[in-house]
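Here's a friendly walk through a protein structure, a few stops at a time. Have the model open and follow along.

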Amino acid sequence: MIRKLLVANRGEIARRVFATCRALGIGTVAVHSDADADAPFVAEADQAVRLPGNAPAETYLRIDLILDAARRCGVDAVHPGYGFLAENAEFATAVADAGLTWVGPPAKAIAAMGDKLAAKALLAEAGVPMLPTWTDPGQVTDFPVLVKASAGGGGRGMRVVRDAAGLTEAVAGARREAASAFGDDTVFIERYVERGRHVEVQIFGDSLGTVVALGARDCSIQRRHQKIVEEAPGVLADEVRERLHAAAVAAGRVVDYVGAGTVEFLLAPDGEIHFLEMNTRLQVEHPVTELTTGLDLVRLQLLVAEGAPLPVAATPPATGHAIEVRLCAEDPAHGYRPATGTLHRFAVPGVAAEFGPLAAPGLRLDSGVVDGSAVSIHYDSMLAKVIAWAPTRAEAARALAGALARAELHGVATNRDLLVRVLRSPQFAAVDIDTGFLDRHPAVFEPILPAAEVPLVALAAALASAAARRATAPVLAGLPSGWRNVPAFPQVVRFAGADGDEIETCYRLDRSGSLAEWSVSPAASAGTASGTDTGPATLAVELVEACPERVVLDVDGVRRAYRVHRVGSRVFVAGPDGATSLTELPRLPLPTAELAAGSLLAPLPGTVARVHVQVGQRVAAGDLLLTLEAMKLEHPVLAPTDGLVTELPVPAGGQVDTAAVLAVVTPDEESPS
């Protein structure tokens, strides 16, 4: 039996495995990079071993270092989690050769499914339905197509191409990204199915030859080919569900599968199913299967690794409905690019369990972060998974959306508003979903905080900040916050909004501390109906209470409470209609250096992966100048205008911080002749 287990991974999945180990009485060992030294998963392990460095290639991808850590701590088993080495046959073999128990499928099965081209050929022989596939771009005549990496997963290297003109660059870009992510630049081209649904089957096998389907999940809501909303059971016709289960079990039996795995399919609008890939590991979305089946999949992994038979011999019936969202550090104001920083506050209301089962319908949280966690450039941007389990799909969606809307996520921009909009959309409620859902419904990208609410949020932020300063003032503490001896001049506070727009809030309190007058500049209320200052002329607002962390306003006879959290100059405000963050601007800003015209700045910290142009080269608007790599994604930097490349201060391989100058393109009218 397993006595001590090392998890060769990090973050949320390491914490998830540790939770089951604690319940079973199994000792735990973590390995960690320097960037993760203070991460929650390290603190929760019984023992931890440092892997010097930060980049995955020098830490979590080092088989020799991980096995040395296992030896030093006396472990007898290794769990790979997901990502990194989880689907690496060499790692599985090395663990077994070291005399340790590998908590995963056999190396042979990993190798067979790891090469997606070979896997498709193998499973096609077993009768698993496939999409048309090409390896030579010159042979493709039927569009649209999807370019995919043969190794790895997670949407890395994927490109949708709708005509022959874009195929060459798409293949080249996919090769670069695949090589960077997986060390293998092999790609292939697959027929792209419009309005297809991404459905998958959780399978489990044991060493006695049993392979069981544990139900189908729907993971169709995706952005950049990465899943963001997953649910179980997938809303499917019984006949389609049976075909999916049968095909998935057949795939598992072909490779003598042992352990947890997922067989992914594309469900076409005509009801046909097509094999996509098989992931030989536990999936990120496994909690929805756990909640609807009552099974602890990590516990099953451990039991099967010990040689025990599966406790289930057939697909268990689903109980209720579970929906999971991936809460990620992403900046909506900049195209949902990965965001970095310190997570000053992380609180999701109503959570009934973390990393484990629910005794009754409610919320589960599987998180890799806590208050104060640092979100770095080195790893995936996912912060947590929030999962709702309820008797019906509609109840699960409503509960999950409500919890997300009320969550306090302070310090790092997230995709929270996008997730709430999706869950509350009538199309999601009607199960009118497919992999192109976000492209067809741009309204889901709008913030949940209405534009008309921004002036009230700014006023609440100003009043709370004043109350905080008043509370710490060394003298005249009895005076009301914001009171002035010369009432003709109001208090003026300027903020920068989450989108960078400047907001000016003016208010004046009378001698009793009541709000005598207030207004917000047009910059704050852009998008409101009036287009002019918002204040007493449009809203009757009375101040009920103003404390450093809570402001209560009476707005046209309706009392509204705002929660306020200040960190330095950042002010995080949550009201009844949504939340946002503001940055209080200095009253007397210092002069700053002026950037050269045409300067292109880094949107986030990262590494310049490739420079595509040279100084002195003439470019057209939209031309690719360089590629920035950060948080497992490539970010193209394009020429904003026709002009001349006059500066390229960072070479390929160079690391940059946010707002660093990456290139300067002097517009044609300003270019030196």
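**A strand, its cysteine, and a helix**

Let's start with Ser220, which sits in strand S11, a stretch running over residues 211–223. Keep in mind as you look around that this is a predicted model.

Now on to the cysteines. How many disulfides does a search of the whole structure find? The count is zero. Take Cys219, which is in no disulfide: the nearest cysteine sulfur belongs to Cys328 and lies 14 Å away. Seen from the other end, the closest cysteine sulfur to that of Cys328 is the one in Cys219, and 14 Å is too far for a bond, since a disulfide needs the two sulfur atoms within 2.5 Å. Are these two cysteines buried or exposed? Cys219 counts as buried because its relative accessibility is 0%, and Cys328, at 8%, counts as buried too.

For a last stop, find Ala94 in helix H4, which covers residues 89–97. Leaving out neighbours within four places in sequence, Ala94 is in contact with Ile63 and Leu67. Then look across to Gly643, 549 residues from Ala94 along the chain: the C-alpha atoms of Ala94 and Gly643 are separated by 54 Å.

Methods: Residues are numbered from 1 along each chain as its sequence is written. This is a predicted model: local features need pLDDT of at least 70, side-chain atom pairs count only at pLDDT 80 or more; totals for chains, interfaces and linings use all residues. Side-chain values use heavy atoms; hydrogens and water are left out. Helices (H or I, at least four residues) and strands (E, at least two) are DSSP runs, numbered from the N terminus. Contact means heavy atoms within 4.5 Å. Buried means under 20% relative accessible area, exposed over 50%, partly exposed in between (1.4 Å probe, protein chains only).
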